[in-house]
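Here is a short report on one protein chain. Have the sequence and the model side by side as you read.

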Amino acid sequence: MNSEARERVVRLSTPGAALTALRLSIPVEEAPTEAGAAQILIALGLERARLAAAQTGARVEGSRTPWGIAYTVAGPTEDFDYLTYVLREAVA
């Protein structure tokens, strides 16, 4: 798999809102012999991230996009730093 260091994190929040959502997109290209490898990475990453997210009640999702892998975490705005940790667990 070829992956460049062009990750993008998007923070979605509304002023005064109690929830924040973060989305991390990672470009991934799979050769024919690597088909399905990204799905395995998503499953492993979600397992780690969901264990971490359970402490705050945050929700974590992962998906394969045409361009790569995308992880989303949503939780309490006051736990913003911890939500970023949850994303790091997903990509560890």
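Eight of the nine residues of strand 4 are buried, so the rest of the structure largely encloses this strand. Buried means under 20% relative accessible area, exposed means over 50%, and partly exposed lies in between (1.4 Å probe, protein chains only). Helices (H or I, at least four residues) and strands (E, at least two) are DSSP runs, numbered from the N terminus.

This is a predicted model, where local features need pLDDT of at least 70, side-chain atom pairs count only at pLDDT 80 or more, and totals for chains, interfaces and linings use all residues. Residues are numbered from 1 along each chain as its sequence is written, and side-chain values use heavy atoms, with hydrogens and water left out.

**Overall layout**

The chain has two helices and four strands. Along the sequence they follow the pattern β-β-α-β-β-α. Of the 92 residues, 30% count as buried. Take the contacts between residues at least 6 apart in sequence: 58% of them join residues at least 24 apart. Contact means heavy atoms within 4.5 Å.

**The partners of strand 4**

Strand 4 covers residues 68-76. Strand 3 (residues 59-64) is joined to strand 4 by six bridges, and the two run antiparallel. Two strands pair if DSSP finds at least two bridges between them. Three residues lie between strand 3 and strand 4, and the two strands form a hairpin. Strand 2 also pairs with strand 4, in the antiparallel sense, over nine bridges.

Which residues stand opposite each other?

Start with proline 27. Its place is in strand 2 (residues 19-27). Proline 27 is buried, with a relative accessible area of 18%. The C-alpha atoms of proline 27 and isoleucine 69 are separated by 6.5 Å, although these residues are 42 apart along the chain.

Next, threonine 65. Look in the loop between strand 3 and strand 4. Is threonine 65 buried or exposed? At 18% relative accessibility, threonine 65 counts as buried. Leaving out residues up to four places away in sequence, threonine 65 touches Arg23 and Ala70.

Last, glycine 36. This residue is found in the loop between strand 2 and helix 1. Glycine 36 is partly exposed, with a relative accessible area of 36%. Its C-alpha atom is separated by 9.7 Å from that of arginine 64, 28 residues apart along the chain.

**How the helices meet**

Helix 1 covers residues 37-53 and helix 2 covers residues 80-91. Their axes come within 7 Å and cross at roughly 155 degrees. That makes helix 1 roughly antiparallel to helix 2. Axes are lines fitted to C-alpha atoms, for helices over the stretch in contact, and angles run from 0 to 180 degrees between N-to-C directions. Angles over 145 degrees count as roughly antiparallel.

Which residues make the contact? Helix 1 supplies Gly45, Arg48, Ala49, Ala52 and Ala53. Helix 2 supplies Tyr82, Tyr85, Val86, Glu89, Ala90 and Val91. By class, the contact has eight nonpolar, one polar and two charged residues. Here Ala, Val, Leu, Ile, Met, Phe, Trp, Tyr, Cys and Pro count as nonpolar, Asp, Glu, Lys and Arg as charged, and the others, Gly among them, as polar.

Conventions: Parallel < 35°, antiparallel > 145°, perpendicular 65-115°, else oblique.
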